[in-house]
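These are my notes from going through one model. I started with the build of one chain and then turned to the places where chains touch.

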Amino acid sequence: MSTSHVLLGLLSAGPQHGYELKRAHDERLPRAKPLAYGQVYATLGRLERDGLVEQSGQDQEGGPERTSYALTDAGRDKLAEWLAAVEPPAQYVASDLFAKVIVSLLASGASAATDYLIAQRAAHTTRLRELTAVKTSGDSSAGDVVAADYAIAHLDADLTWLQTTLLRVADLHREVNA
Amino acid sequence: MRPSTLARLAVAGGRTDVLRMAFTAVSSALAAVVLLSAAAVVAVPELGDPDEGSNAWNQQYGSQLITDPGLRPGVVATLLLLAVPVLFLAGQSIRFGSPARDRRLAAMRLAGATPGQAVLVAAGETAAAALLGSVLGTGAFLVLRLLLDVRSEFGLLLLPTDVLPSPLAFALVLLLVPLLAGLIGAFLLRRVIITPLGVVRRTRSKPPRLWPGVLIIIGVFAPFVIRPLGRLVVRAGNRIGADLSVAAGFALVLLAVVGVIVGTGWLSYTAGRLLHRFGRRPATLLAGRQLMADPWNGSRTLSALLAALVVGAGVLGYRAYMITQFAATDEANRLGGGNAGFGGTTDFYLNSAALAGLAVVAGLIVAAAGIMVALGEGIVSRRRTYAALVAAGVPRRVLGESIAWQTLAPVVPAILAALTVGLSLLRGTGTEVTAGGGGSCAGTEAQCADPNSPYWQMDPVVTMQVPVPFGDLLALGGAAFVLMTLVVGVGLFFLRRSTDLDELRTV
Amino acid sequence: MNALLTGTGLHRSYGPTPALRGIDIEIGEGEIVAVTGPSGCGKSTLLHCLAGILKVDAGEVRFRDQDIGLWSESARSRLRRTEFGVLFQFGQLVPELTAAENVALPLLLAGSGRREARKSATLWLGRFGVGDLADQLPGRMSGGEQQRCAVARALVTEPKVLFADEPTGALDVLTGEQVLTEIVHVAREQGTSVVLVTHEPKIAAYADREIALRDGVLDPTGLGLGIGS
C-alpha cells in the first residue's frame, strides 16, 4: 500500500491541509499504523513535485501558516488508475511470524519450535478474543467492526497456518524417528 | 449395473434392516400361501360339464364351494383378489425407510448411482426379502396341506388337500411373488426422492377439498331425515314420492360411501384443525399441526380400512336383516300351523355372511398394516426433529402422545362415519321385514272362487322391525380401533428407535 | 471458584470406540466457554454428556452440586427443558409448527397457558429480529431465520446454561456472526452460561475461555497435539 495513493484518495473529497489529512487517515483506517506528520508533508511535497496535487490556498487562523492542497487532473487520473488496478494476490510472503517459524524450525529444533508455537498461538488467540469483544460490545461503530473483521480474518488465517504447520512438523518428526 | 452387482447391493442392508425384511417376507409368504391355495383349487379335477349338474360334482369334498365346478372359479378369483392387497403390503414395506437404509441409498447416489439405480436397489431388497418369503410360504403351504388333510365323519375332505398344484404353479408363485413385490415397491417409491444427500419424501401440501366432507356429513344424516320424510309423504297418499325419497336417500348414502373413502384427507385435515384449535396440550398442538401439514400421509390405506368397515357394516346389516327375516318366517309358519322353516338353508346364508365378515376382518388387518407402514415411514423421516426435541428436553411420552393423537384423531370419527354409512347403505332398502300372508284353499275350485269362503285358510302376516345390530357394530368398530391402537404401539417402537441421539450426529 | 456445572473424569464410548477418555471441566455461572478441537475429538459427546442427553460411562456431571448422572431420564428431560437450552447446527425446529409455536413449545411443556406462551414466544422472536415471522413455517424461512428461531426457543425458558453445538455451522459467515453476537448479548444480560462447541478459532473467540480437546482428552496446548506429544 502506498501512502501517496491514500492521500490522493482523501483529497478527492476536497482540498485539505496536512493536519486534516493526517486526522482523516487515522479516522478512516482504524487499526492501520498511524501516519506521522513528517510523512504527510514529505509525501505531499513529492506529489506536488510530480504535478498530482497543487497548493490551493493558505490560512493562518491563530496559528502557524497552513497550506491547503487540492487534486490536479493528473492526480485524479493517477488515483483512478490505482483504484482500477488489481492488487497482486500475496505475491511475496512478508511476515515476521512466517520468517520466525521457519527459522525456529531450522535453528532451534522441533521441541523449541513447538514451545514457541504454543506461546504464539496463545497470543494470537488472546488478540482474537479482544477483537471479537470489540464486535460484541454494543457501542462499537460500523467502522470499528469492519476493521476488527479484517484483523480477525488475518489472525484466523495465521492460526490455521500455525496449526497445520505443527501437525506437519509432528508428522515429519514421526517419519524421521520411525 | 450387472445383476450380480444388484444382488450384492440388495442384500447389503443385512442385519440393520431386519424389521423391514421380516415384514416383506411375512407378507410375501402369506401371498404365496393364498396363491398356492388358489392353484390347489384349480387343480381339483374337472369331471365334466358344469351344466350337467351334480354329475359333475367332486363329491369327495365337504364344501359345496369346492365340489361344484360352477362355484370353483369364483373361489379362485376371490383368493387371487385376496392376494393382491397382501402383495401390495409386501411391496409397501419398501417405504418403511429406516435411517440406515436411507443413508445407504443416499451414499450409493453419492457414489454415482443414478436415481433409477437407487430405486432398483431398493426394489431389489424388497424382491430379495419377498423371495425368501415366497420360499417360506411354499414350505408353509406344504406343511398346512398335511396338517389340514382331515376327513369329516362322512369321509369328506375339508379342503382339496388330495391334489397338488402343478409344478408350473409352484414355479410361478416362487417367481411372481418377488417380482410383483419388487415392481409394486418401485411404483410406490415414486413420491420418494433419493438424493445423494439423503432421502426426501415428497408430501402433498395442498389442503384437501371440502366436498368429500360435505358428502360424509350429508350421507351420515340423510337416512334420519329422508325416511320420516318418506313416511310423511306415504301418509299423504303419494306412493311414488315415497319411493323417490327412499331412492334419493340411498343415492346420498352411496355418495357418502364415496365421501368416506375419498375424504380421508379432509378428515385428517379437519381432525388436525380441531386438535390445533381446541387442544391444550403440547401433544395435541404437535399432532394437530402435523395432520394439517400432511393430511395425505397414509390416507390411501386409511381409505382401504374405511372401505372394509363400510362393507363390514353392510354385512352386519345384511345379517341382521336375514336373521329377522328367518324369525319372521318361522313365526308366520308357527302361527299358520305350517312346519316348513328355512332349516338348513339359514346356515348357508349365515355362513356366507360369516365368510364375508372374515374377508372384512382380513381386509381390516391388511389395511391397518398399511397404515402402520405409513406411520412408521413418517416417523423415521422426521427422526432428526424428534431426536432434537428429545435432546431439548421434550419427554418421549409427549411425542408418543402426539403420535397417538395424530393416528387416532382422524380414525375415530372415520370409523363412526364408515359404520353409519355402511349400515345406512343396507337399511336404506328397508328396516322391516314381512313374512307369511298368502293362503291356501282346501275346497274345490268353485268353493275357492270366493276369497271370503271358509275353505280359504289365510296365513297370518308377520311384520318385524330389523334391529340395528349395535353389539356387532360396536365389536367391529372396536376391533378397528384396537387395530389402530396396535398401529400406534408399533409407531411408538419406531419413535424410540428414531430418537436415538446418533441422529443428531449424522446428517 | 463457584462452578455451576462440573464434569469430573468423564469417560464415554460408542461401542468399542472411546469418545471421551477422562475429561475434567468446570463452567462458572455466566461464563461462556468454547470447546474446540478437530472433528472426532469428542467435543460434541462432551456437550451431550454435560447437558445430560447422554449418560457417561464413568465420572460424574454435577449441576448445582447434584450428580445428574444419578437422575432418571425423565428428571434429566425436565432439567434440559427448564435449566438448560440446547442449540444444534440445524434441523431442530418442528417443520409443521409455526415459528411462534416452536418457540412456545418448551413453555407449553412446562404448563404455561397457550396465550401466555405465545406472548413470550413473540417477544423472544422479536429480540432476535424475527418477530415478524411468528406465523411462518420454518420451511419458508432462510437458514439464518430458522437458526434465530432456534436460539429463541433455546433461550425462551431463560435457562441457566445454553449448550450450542456448532450453532453457526450451517450459516454464512455474516449471519453466523450476527447470531453469535445476539447469543452473547443475551447471555451477558441474563447471566446465562454458554458451552459453545466449535472447530473454528474465530467462533471460539466469542467465548471467555477455550477448552481444546484431542482424541477424547484435554489438549492444553490447543494446537491439536495432545498431552503426550
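I took helices (H or I, at least four residues) and strands (E, at least two) from DSSP runs, numbered from the N terminus. The model is predicted, and I kept that in mind throughout.

Entry 1, chain A. I looked up the elements and found seven helices and three strands in chain A. I then read chain A along the sequence and wrote down the pattern α-β-α-α-β-β-α-α-α-α. I checked burial next: of the 178 residues of chain A, 19% count as buried. I also looked at contacts in chain A between residues at least 6 apart in sequence, and 53% of these join residues at least 24 apart.

Entry 2, chain A against chain C. I found 16 residues from chain A and 14 residues from chain C in this contact. On the chain A side, helix 6 (109–136) and helix 7 (142–177) each give two or more residues. Helix 6 of chain A gives the most, with nine residues. I sorted the chain A side by class and got eight nonpolar, four polar and four charged residues.

Note on methods: Residues numbered from 1 in each chain as written. Chains lettered and ligands numbered in written order. Predicted model: local features only at pLDDT ≥ 70, side-chain atom pairs only at ≥ 80, totals over all residues. Contact = placed C-beta atoms within 7 Å. Nonpolar A, V, L, I, M, F, W, Y, C, P; charged D, E, K, R; others polar. Buried ≥ 20, exposed ≤ 12 C-beta atoms within 10 Å, placed from the backbone.
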